[in-house]
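Please go through the model below with this short report at hand.

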Amino acid sequence: MNSDRIVGIDLGTTNSLVAFMQGETPVVIPGDDGSNLLPSVVALDQNNQAVIGSAARRHLIETPERAVYSIKRLMGRGVEDVQEEVKLFPFRLAEDLQRGEVLRIKLGDKTFTPPEISALILRQLKRNAERYFGEAVTKAVITVPAYFNDAQRQATKDAGRIAGLDVLRLVNEPTAASLAYGLDKKQNGIVAVYDLGGGTFDISILKLHDGIFEVIATNGDTHLGGDDIDNLLITIALDDIRGDLSLDLRRNAEAVQAIRKAMIEAKILLSSQPSIKLDIELPGGKPYQREITREQFEQLIQPIIDRTVGPCKQALKDANLRPEQIDEVVLVGGSTRIPKVRALVKDLFRREPHTDLNPDEVVALGAAVQANILGGGSEATQNMLLLDVTPLSLGIEVAGGVTDKIILRNSTIPASATQFYTTQVDGQANVAIHVLQGERELAQDCRSLARFDLKGIPPMAAGIPRVEVKFLIDANGILNVSAREQRSGKQAEIQVQPSYGLTDEQVEGMILDSFDNAEEDFRRRQVVEARNEAETILKALDKGKKSAAWNQLTNNEKKQIAKMEKALFAVKAEDDYAAIRKAIEALNHGTMRLAELMMDTAVSTALKGKNMDETDLGEGPTAPHPMAKAEFE
Amino acid sequence: MTKSILTTINTKSVPEETHSCWSCGAMRAAHFCESCGKVQPPVPVDYFTFFGLLPKLNVDVPTLEKDFYILSRRLHPDLNARAGSQEQEWSLEQSSLLNDAYRTLRDPIKRTQYLLKLEGVELEEQSKTATEHARATGEVKKQIVPPDLLEEVFELNMQLEELRMNKKMGEDEPELIEEIGKHKVTLEAKHEALLEELRTHWKEWDALVAGSANGSTVSPEERARITGKMVDVLNRRNYIRNLVRDVNAALES
């Protein structure tokens, strides 16, 4: 297998995609339904088997209590952060959740953490890629919103591991998009990327310089996107229905999902039409009808899209730039198809934004470019290098519950800071450190990332030990901490209690296709596929034996076929897919004349004019073979 | 390309330690090996030395940026993703050091503060102990009001207070805002003047560093005299910067 194969994945709120560099161009790998977009919906069917994507969408309407969408909103968050989301989304939280514990969502009577649900989506993308390449895929670059905090990033990385992927890099979505754009533009200047997706908003300002993509400032809102527009429209419809028809559907999950589906369709149509007519059949047969004009729609969503203005202004301020100094504006994310959003961006940056790349695909394409760079690069990506920043300041809690910022937001990553700690009591062996992320003055207003306990400080008088603690934000935007006692030179031990994350052990326990087993799993799937193929050819042979053509074969030919049939039968039970395949090939070859005779004798109109060889398109494991084709008679 | 990289870094007259590359054995490896390109283990050095610079305060920022890009292309983890785990670790450490150094040196104020820290000087106004003490006791931190600004600051604070009161009452007073705006212009001009003053001290410092590199002895008193002046300018500058921030906040709210 090609161990250097790295795919780029856009794990989106609404849709997810997988892409790779085909020669010098990034391309999206379609799913088995032929679609480039995999809806980020996960459901459990009646047999508790996970269903992902379009198939899961049906469950969303029929068995909403067994399906979940927009799980990205819950990544890296605790029960106390999601009270608002739970009101707006049909997330069914497990009842026994404790404060500070990783969330668990109910699907049917089972519960899953958000990283596990995301892992199911990732595994589907991984399988799509494996089917496409005909070999195992174990390495990936995954994109995250630029404004994701440490916990949200860590949760994404955990999801990758659970899905059996080695996540080589987390890349910020707007930065990835700029890579895809920069690939064919190759010019220097200042670029602003405005990324309004299903659930998140990012603004990034980059300086392009001879292939270096240097992010100068980034800002955003990890809970702002098309979902918010959908929820607003749903709320209005539910209020309407309650008022006009005296029908309270708020607790009727199926009806709410039917309305949601209609509203999303309406929202999309209103980007190209001046008005739309809603006609939704409600439980009990009554219709809900209403006309919405684009003007009304734009008035409704104004407060939502206006929330993107503050982050844009802050990013410009942090970059020390005026809007006129921006050379290009790039639009990313499905919600930027809304004309009103485009108008807002044009107004903000005083120039027409670029829309040449599909806003749904550009992030995945950029992830593929970054994957290519990590894999050693190619002619197309030569000289390309991404210098990204940390979106939020990193701080530690000091006396009085105040945040002392040690790495400021918009610092290029990797970035580090060193702090020195000492003891306050003679012989004190432990020191506690509280790490925070955010811009606020008080620790309680910042995001708690983790509490570290420095342990094993050698016994000394108070104030004598000098523990050097190094905080390092890596190229994924994830914090790493190391500590050393300088007087004794002893490596101090650090115990991490992530505030909202899975422990290593928990992740290990969740791994779907264990990393080391990815090859094994793939091999096993190949065995299963080869066996199925063997079954098909053996069945076809049985049929052939009953046909008139069989008697036209010589005894020797019949003997040979019998021998090969026996061989395939024997090897089919074993786990060696190569051997099975070899036996299939042999039998295929050995029955060639039989197939030809069958064709000649029973010239079916369906087969007429078809060349036998045409059927062997070399599609790998599932390619049909001549014998199976004869079944068409 | 390899040549130009080390010309920018090596032509500077810094007594540079030469090592042999851990991988290919060639001499003169710095952050990466000139010969085989491998990232070298990080050596704990100050930010100036990292860029091959003497600790001078006049820094040519465009050249610094160029060196930053050149070194990024060698040290960044993305370009060492296929190396062994030890090399990847060095790459992570080296590039974080590079980023920290570039961020500090390209900014005139951060650069000066960093040099003062290297010289063992702590700025009173910014010192963490002072800040923490003020926060813990609730005392107002000692502010150094530049004497020539006493009157101006007094008047401005009165007007800011008035503006806040009026805003609370929902009243609009364009005249007051105009007055405050005038103060802001004065303060900004003062801020500029202080930066200019700081640059004259840079010159003095750089001359001293150049002399020292040429073998002349510099007394600790002389060093302290110059750093003392810079501390004084920085403290006054911080005071004015905070004042401008307050004015902006009052006008924007």
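How many residues does helix α6 of chain A have, and how far does it reach from its first C-alpha to its last?

## Helix α6 of chain A

The model is predicted. In it, α6(A) covers residues 226-245, which makes 20 residues. From first C-alpha to last, the helix reaches 28 Å. That is close to the 28 Å expected at 1.5 Å a residue. Just after the helix, A:S246 takes a positive phi of about 50 degrees.

Which residues of α6(A) are buried? They are A:G226, A:D227, A:D228, A:I229, A:D230, A:L233, A:I234, A:A237 and A:I241. Their cover includes two helices of chain A, α7 (253-269) and α8 (294-306). Strand β16 (287-293) of chain A is also included.

## A five-stranded sheet

Chain A has an open sheet of five strands with mixed pairing. The order is β17-β12-β13-β14-β18. Strands β17 (328-332) and β18 (385-387) are the edges, and each pairs on one side only. Neighbouring strands are turned by 25 degrees against each other on average, direction ignored.

Inside this order, β12 (residues 189-196) and β13 (residues 201-209) of chain A run antiparallel. Eight bridges join the two strands. One bridge links A:L196 to A:F201 in β13(A).

## A:M21 in strand β2

A:M21 sits in strand β2 (residues 15-22) of chain A. Is this residue buried or exposed? A:M21 counts as buried because it has 25 C-beta neighbours inside 10 Å, and the cut-off for buried is 20 or more.

Leaving out residues up to four places away in sequence, A:M21 touches A:P26, A:A368, A:V369, A:A371, A:N372 and A:S378. A:A380 is 359 residues from A:M21 in sequence. In space, the two are 9.7 Å apart, C-alpha to C-alpha.

## Where chain B touches chain A

The contact takes 18 residues from chain B and 21 from chain A. On the chain B side, α3 (61-75), α4 (85-106) and α6 (128-137) each supply at least two residues. The largest share, six residues, comes from α4(B). By type, the chain B side divides into six nonpolar, five polar and seven charged residues.

Definitions and conventions:
Residues numbered from 1 in each chain as written. Chains lettered and ligands numbered in written order. Predicted model: local features only at pLDDT ≥ 70, side-chain atom pairs only at ≥ 80, totals over all residues. Helix = DSSP H or I, 4+ residues; strand = E, 2+ residues; numbered from the N terminus. Expected span 1.5 Å × (residues − 1). Buried ≥ 20, exposed ≤ 12 C-beta atoms within 10 Å, placed from the backbone. Contact = placed C-beta atoms within 7 Å. Nonpolar A, V, L, I, M, F, W, Y, C, P; charged D, E, K, R; others polar. Pairing = 2+ DSSP bridges. Axes fitted to C-alpha atoms, helices over the stretch in contact; angles between N-to-C directions.
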